[in-house]
There are 2 protein chains.
Amino acid sequence: MKIGVRVMPRKEVLDSQGRAVERTLRAHGKNLSHCRVGKYIELEIDEKDRQKALAKATEMCEFALHNPLIETYELEVL
Amino acid sequence: MKIGVRVMPRKEVLDSQGRAVERTLRAHGKNLSHCRVGKYIELEIDEKDRQKALAKATEMCEFALHNPLIETYELEVL
């Protein structure tokens, strides 16, 4: 089963990549009010059961895929 | 309107981050068959019309948010 993990910087944390993208786009006349930049991780897990696959993906996220101090994550089945 | 952009490495391209994550997780006993790592960009665009907002987001993607040689992108309305 394919699981998508969206890892985004917490709102309270300075998202320097987001600021850079914002500034670059604005400097070139593209109008946007806000931008945040995070990671997207696609995991292919040998598990047909949806709940078990999500549980395994959660375990991987908690173990190594995000930094809880500065990031949050969301899972979706792809 | 909030638009999500998922930028992923092309299948033909070596995804070194993905390989690193795969190896690390396997080395710690987590079973996964494949992993790809890309970027996720949330754009907040001052535009209420869905089609117009998507058109603006596409313009930004083509202009600066992805490298067409090595990446593909997908948009979603959030």
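This is a predicted model: local features need pLDDT of at least 70, side-chain atom pairs count only at pLDDT 80 or more; totals for chains, interfaces and linings use all residues.

**Entry 1: starting from a cysteine.** I listed what Cys35(B) is in contact with, leaving aside its neighbours within four places in sequence: Ile41(A), Glu42(A), Leu43(A), Asp15(B), Gly18(B), Arg19(B), Val21(B) and Glu22(B). Contact here means heavy atoms within 4.5 Å.

Residues are numbered from 1 along each chain as its sequence is written, chains are lettered from A and ligands numbered from 1 in the order in which they are written, and side-chain values use heavy atoms, with hydrogens and water left out.

Is Cys35(B) buried or exposed? It is buried, because its relative accessible area is 0% (buried is under 20%, exposed over 50%, partly exposed in between, with a 1.4 Å probe and protein chains only). I also checked Met8(B): from Cys35(B) it is 27 residues away in sequence and 11 Å away in space, C-alpha to C-alpha.

Entry 2: Glu22(B) sits in helix 1 of chain B. Helices (H or I, at least four residues) and strands (E, at least two) are DSSP runs, numbered from the N terminus. Glu22(B) is buried too, with a relative accessible area of 8%. Its side chain makes a polar contact with the side chain of Arg19(B) at 2.7 Å. A polar contact is a pair of N or O atoms within 3.5 Å; within protein, one must be able to donate a hydrogen and the other to accept it, and residues adjacent in sequence count only if both atoms are side-chain atoms. Leaving aside neighbours within four places in sequence, I found Glu22(B) in contact with Leu32(B), His34(B) and Cys35(B).

**Entry 3: the strand.** Cys35(B) belongs to strand 2 of chain B. Eight of the 11 residues of this strand are buried, so strand 2 of chain B is largely enclosed by the rest of the structure. What does it pair with in chain A? I found strand 2 (residues 34–44) of chain A, antiparallel, over 11 bridges (strands pair if DSSP finds at least two bridges between them). Ile41(A) stands opposite Val37(B), and Cys35(A) has Leu43(B) as its bridge partner. Within chain B, strand 1 and strand 2 also run antiparallel, joined by six bridges; there Gly4(B) faces Glu42(B).

**Entry 4: the whole interface.** Each chain has its count: 29 residues from chain B and 29 residues from chain A. Together they bury about 2,700 Å², 59% of it on carbon and sulfur atoms. Buried area is the accessible area (1.4 Å probe) that two parts lose on being put together, summed over both. In chain B, Tyr40(B), Glu42(B) and Phe63(B) lose the most area to chain A, together 21% of what that side buries.

I then looked for charges: the rule finds six salt bridges across the interface (a side-chain nitrogen of Lys or Arg within 4 Å of a carboxyl oxygen of Asp or Glu). One such salt bridge joins Lys30(B) and Glu59(A), at 3.1 Å, N to O.
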